[in-house]
Amino acid sequence: MAALFRRVQAIDEAALAWVRRWRPAALTWLLRWFTYSGTAYAWFALAALLYACERTIGLPFPSPMLLLRCLFAPLAAWLTSSVVKKLTARSRPAHAIPGFPVLTRVPSDSSFPSGHAAAAWAFFTALLRVHHPLAPLVGLWALFVSFSRFYLGVHYLSDVVAGTLWGIAWGFLLAPGVT
């Protein structure tokens, strides 16, 4: 098992070294915006916007309870990923790789899995399961939020992949499929 973890770490460090070589300023600015948009405040604001759109222009949320279930998926993904972070205690790249340049604030918690990716993908998956018409846009947002965490250097690639899978699982678990 230790050999597997060493192999994953080597792949993660190689991926970070590769992305570190091309970090244009405009992309860095954009991805910082996406990383900040992936906070709990932002996805609750997005959900409120979706609900307001349903009330004013008819974008469907069949019931307020369905909206709450779609919101509970990212909340559950975020909270449970925080527990996993405490159990794994994986150091973030800035703390584990000497001299590694990070392009945003480094959170104080552990690295594995990415809570931003987990929450964003849980929300997307929940909206997808209820056939919300804006689900594809939220999916694109989730992709950018997830990539931003890796690109900015606060997560390893495997943290983001694990967070993505964690979030998708919570989205499937908590949002009922609507036929």
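Helices here are DSSP runs of H or I with at least four residues, numbered from the N terminus. The model is predicted. In these terms, Pro-113 belongs to the loop between helix H5 (93-96) and H6. The peptide bond that joins Phe-112 to Pro-113 is cis, with omega at about -5 degrees.

Most residues other than glycine have a negative phi, and most peptide bonds are trans.

| Site | Feature | Value |
|---|---|---|
| Phe-112 and Pro-113 | cis peptide bond, omega | about -5 degrees |
| Ala-89 | positive phi | about 50 degrees |
| His-131 | positive phi | about 60 degrees |

Ala-89 sits in the loop between helix H4 (64-88) and H5. His-131 lies in the loop between H6 and H7. The relative accessibility of His-131 is 53%, and the cut-off for exposed is over 50%, so His-131 counts as exposed.

Helix H6 covers residues 115-129 and helix H7 residues 135-151; their axes are 9 Å apart and meet at an angle of about 170 degrees. Because angles over 145 degrees count as roughly antiparallel, H6 is roughly antiparallel to H7.

On the H6 side, the contact includes His-116, Trp-121, Phe-123, Phe-124, Leu-127 and Leu-128. Among the H7 residues that they meet are Pro-136, Val-138, Trp-141, Leu-143, Val-145 and Arg-149. By class, the residues of the contact of H6 with H7 comprise 14 nonpolar, three polar and one charged.

Methods:
Residues numbered from 1 in each chain as written. Predicted model: local features only at pLDDT ≥ 70, side-chain atom pairs only at ≥ 80, totals over all residues. Heavy atoms only, no water. Axes fitted to C-alpha atoms, helices over the stretch in contact; angles between N-to-C directions. Helix = DSSP H or I, 4+ residues; strand = E, 2+ residues; numbered from the N terminus. Parallel < 35°, antiparallel > 145°, perpendicular 65-115°, else oblique. Contact = heavy atoms within 4.5 Å. Nonpolar A, V, L, I, M, F, W, Y, C, P; charged D, E, K, R; others polar. Buried < 20%, exposed > 50% of the residue type's maximum accessible area, 1.4 Å probe, protein only.
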